Amino acid sequence: MTQFPTIYSITESEIDLNDLLAKITLTSTGAAAIFTGMVRGVTSRGDAHETEYLEYESYVPMAEEKMKQVADEIRERWSVVEGIAIVQRIGKLYPKTPTVLIACTAAHRDTGVFEAARYGIDRLKEIVPVWKKEIGPDGQEWVEGDYIPKPGE
Amino acid sequence: MNRIRLLFFATIRDRAGTKSLEMEIPADMTILQLKEKLGTDYPNLKESMKSVLVTINREYAFDEAVVPPNAEIALFPPVSGG
């Protein structure tokens, strides 16, 4: 288990998918499930609005520890997962810019690797201390989540 | 008395008007008591203390936990990364 690569970081730099993918691809790897989220400029679902940019901040040392925890949780649930990359970009980010990336690799696509990546992004949004402020034509507002961590999380 | 370091993020930082504080607190103070003290010392924070998340040394902590010496305590709203 420990020989599998695990990458987790908070960064102010552009997220380099090819570089990350190369780092989590082993000779035994035949599949990667990748989720990336980007800044949405126009929101039509729910409260329709436009976004000029998002400003992300993080409690970096804790965020990286919690990303490691998310990776550990993925490995507990999907032992077939080979490499894991979890990267959150922070700073001022404009529409169409990727902000987060979760990638999991495995030998084959039918191993649960899609679910593993899905679990990773859902968990990141629950426990990793990152916040974003939304700046739009009508002003700025902090986006607040709704998950309250439980003891041991 | 214990010396602790407080860190504020997002809405909590905006309301506190600072990113961090050093503070002396009684040795047996709990998180609940610390939140009450912050709400009294910094009236702008009073409302936020009801729903704030708290960490002790980078792990989530809850009302009954006792703040250890030299702790790094962070206060912030529910996270919104991704």
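## Chain A: contacts and fold

In chain A, 75% of the contacts with a separation of 6 or more are between residues 24 or more positions apart; two residues are in contact if their C-beta atoms, placed from the backbone, lie within 7 Å. This is a predicted model, in which local features need pLDDT of at least 70 and side-chain atom pairs count only at pLDDT 80 or more, while totals for chains, interfaces and linings use all residues. Residues are numbered from 1 along each chain as its sequence is written, and chains are lettered from A and ligands numbered from 1 in the order in which they are written.

Chain A contains ten strands and three helices, in the sequence order β-α-β-β-β-β-α-β-β-β-α-β-β. Helices (H or I, at least four residues) and strands (E, at least two) are DSSP runs, numbered from the N terminus. Along the principal axes, the C-alpha atoms of chain A fill a box of roughly 50 × 35 × 30 Å. Of the 153 residues in chain A, 33% are buried. A residue is buried if 20 or more other C-beta atoms lie within 10 Å of its own, exposed if 12 or fewer, and partly exposed in between.

## Contact between the chains

Chain A gives 27 residues to the contact and chain B gives 17. On the side of chain B that touches chain A, α1 (10-16), β3 and β5 (72-76) of chain B are the elements that give two or more residues. That side of chain B has eleven nonpolar residues, five polar and one charged. Here Ala, Val, Leu, Ile, Met, Phe, Trp, Tyr, Cys and Pro count as nonpolar, Asp, Glu, Lys and Arg as charged, and the others, Gly among them, as polar.

The largest nonpolar core has 57 residues, and those touching the most other members are A:I86, A:A103, A:C104, B:L75 and B:F76. Such a core is a set of buried Ala, Val, Leu, Ile, Met, Phe, Trp, Tyr and Cys residues joined through C-beta atoms within 7 Å. Leaving aside neighbours within four places in sequence, B:F76 has contacts that include A:Y59, A:P129 and A:W131, as well as B:F9 and B:V52.

## Helix and strands of chain B

Helix α2 of chain B spans residues 31-41, with B:I31, B:L34 and B:L38 buried. These buried residues line one face of the helix, because they fall within an arc of 55° seen down the axis of α2(B); the arc is that of the directions from the helix axis to the C-beta atoms. They pack against β2 (20-25), β3 (53-56) and β4 (59-61) of chain B.

Strands β3(B) and β5(B) pair antiparallel over four bridges, with B:I56 opposite B:I73 in β5(B). Strands β3(B) and β4(B) also run antiparallel, joined by three bridges, and B:T55 has B:Y60 in β4(B) as its bridge partner. Two strands pair if DSSP finds at least two bridges between them.

## Positive phi values

Most residues other than glycine have a negative phi. B:N57, in the hairpin of β3(B) and β4(B) with two residues between the strands, has a positive phi near 45°. B:N70 has a positive phi of about 60° and is in the loop between β4 and β5 of chain B; B:N70 counts as exposed, with 10 C-beta neighbours inside 10 Å. In chain A, A:K96 has a positive phi near 80° and lies in the loop between β7 (91-93) and β8 (98-106). A:K96 is exposed, with 9 other C-beta atoms within 10 Å.
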